[in-house]
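This briefing covers charged contacts, strand pairing and a few backbone details. The topics follow below.

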Amino acid sequence: MIYNSWMKYIKDDVKLTSLVIPGAHNAGSYGMNKMAECQKDGLYTQFNYGIRQFCLRLNTYRKGRIFLAHGISRGDLFENVLKDIEKILNENESEILLLDIREYYDQKIGPITLHYKAEPEAVDALLKKYISPEKYAYSDFDDISEVTLGDIRKAGKRYILINDCESYKYSKNCKQILPWEKNVNGAKAKNFAKETLRFFDDYQTDGLYWFQTQQTPNPGTEIGLTTPFKLDEDLRNYFPDIIEGIKKNPFYLESANIIAGDFMTKDYMKCKLILELNLLKGNVKEELEEEYKDEL
């Protein structure tokens, strides 16, 4: 199996925005309460299942320790997540990570707006301590749509630190799109699997295309309020239909880039289907195509 080293099969000239990359929605939500938990395992395990894009949202305890947040829910300490990333960097030289890190966004609940905070100086100190951005963060670019895997490899870098406000040293404001509509993402599994594909028609970008394949529980939608785990149990039956819809439409296949979801480590099914798209897009080195296919 190649899930911990699949990027070594990818051609140097493949643009990062053309590569098909498995992502983890709310990657740091493991261990949270059942209403907030979207992943069951930490980043090291997620990586070994093929994940290369990690969505990490931060908040701070009163005593100043930064932790992973999903709204008001508290998760693991940020430094523990960084220890996982440090282990990944030490063990896997061929792989490139996309680390989308920022404070959890302001959240309006009725007349109240909740604010979340992680001081950039404190985040920078932890990044420097564990994952050495001055050494490993690729930041020497202006336009993410021009970056190839070979560019990052030649520079000897290991990850891109994505932050819209460039809040941290070596972080980049990468053009990206994250389509979401309440009624689509709140639809029942069968309807969601069908309707979400039109996002490729309705939303375009020449940056990173972050296509989320998980439903979002919300009042006033078909699914209402429930747990991400229960939603995933049903949606897994239709996940192959989503990928098949991408395969059958040349424009959807061309647009396919980051494909993220919930509970990516339950089995290899999701990452296997996502990574197979790299074969159809011609991203895999010709001499390694059969091996890549056989090892998935």
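E37 is buried in this predicted model, because its relative accessibility is 10%, under the 20% cut-off for that class. Its partner in a salt bridge is K40, with N and O 2.8 Å apart. K40, at 47% relative accessibility, counts as partly exposed.

**Salt bridges**

- How many salt bridges are there by the rule used here? The count comes to 18.
- One of them joins R153 to D12, and the closest N and O atoms of this pair are 2.6 Å apart.
- R153 belongs to helix 5 (residues 149-154), while D12 sits in the segment before strand 1 (21-24), so the contact ties together parts that lie 141 residues apart in sequence.
- R153 has a relative accessible area of 25% and is therefore partly exposed.
- D12 also falls between the 20% and 50% limits, because its relative accessibility is 40%, and it counts as partly exposed.
- D232 and R236 form a salt bridge through their side chains, with an N to O distance of 3.4 Å.
- Are D232 and R236 buried or exposed? Both residues are buried.
- A network of salt bridges links E181, E195, R198 and D202.

**Negative surface patch**

- Which residues gather in a patch of negative charge on the surface? They are E287, E289, E290, E291, D294 and E295.
- Of these, E295 is placed in helix 13, which covers residues 289-295.
- E295 has a relative accessibility of 31% and so counts as partly exposed.

- Strand 2 (residues 53-60) runs antiparallel to strand 3, and 3 bridges join the two.
- Within this pairing, L58 stands opposite L68 of strand 3.
- The hairpin of strand 2 and strand 3 has 5 residues between the strands, and G64 in this hairpin takes a positive phi near 95°.
- Strand 3 (residues 66-70) also pairs with strand 4 (residues 73-77), in the antiparallel sense and over 3 bridges.
- Here A69 faces R74, a residue of strand 4.
- In the hairpin of strand 3 and strand 4, 2 residues lie between the strands, and G71 has a positive phi near 65°.
- Why is strand 3 described as largely enclosed by the rest of the structure? The reason is that 5 of its 5 residues are buried.

- Most residues other than glycine have a negative phi.
- N26 has a positive phi near 50°, although it is a residue other than glycine.
- Where is N26 found? N26 is in the loop between strand 1 and helix 1 (43-48).
- N26 counts as buried because its relative accessibility is 7%.
- F263, again a residue other than glycine, has a positive phi near 50°.
- The loop that holds F263 runs between strand 12 (258-261) and helix 12.
- F263 has a relative accessible area of 3%, so it is buried.

- L277 is found in helix 12, which spans residues 269-280.
- The relative accessible area of L277 is 0%, and the residue is therefore buried.
- What distance separates the C-alpha atoms of L277 and W6? They are separated by 13 Å, with the two residues 271 apart along the chain.

Definitions and conventions. Residues numbered from 1 in each chain as written. Predicted model: local features only at pLDDT ≥ 70, side-chain atom pairs only at ≥ 80, totals over all residues. Heavy atoms only, no water. Patch = residues over 30% accessible without salt bridge, like charges linked within 9 Å, V, L, I, M, F, W, Y side chains within 5 Å. Areas by Shrake-Rupley, 256 points an atom, 1.4 Å probe, with all protein chains shown as cover. Salt bridge = Lys/Arg side-chain N within 4 Å of Asp/Glu carboxyl O. Lys, Arg positive; Asp, Glu negative; His and termini not counted. Charge placed at Lys NZ, Arg CZ, Asp CG, Glu CD. Helix = DSSP H or I, 4+ residues; strand = E, 2+ residues; numbered from the N terminus. Buried < 20%, exposed > 50% of the residue type's maximum accessible area, 1.4 Å probe, protein only. Pairing = 2+ DSSP bridges.
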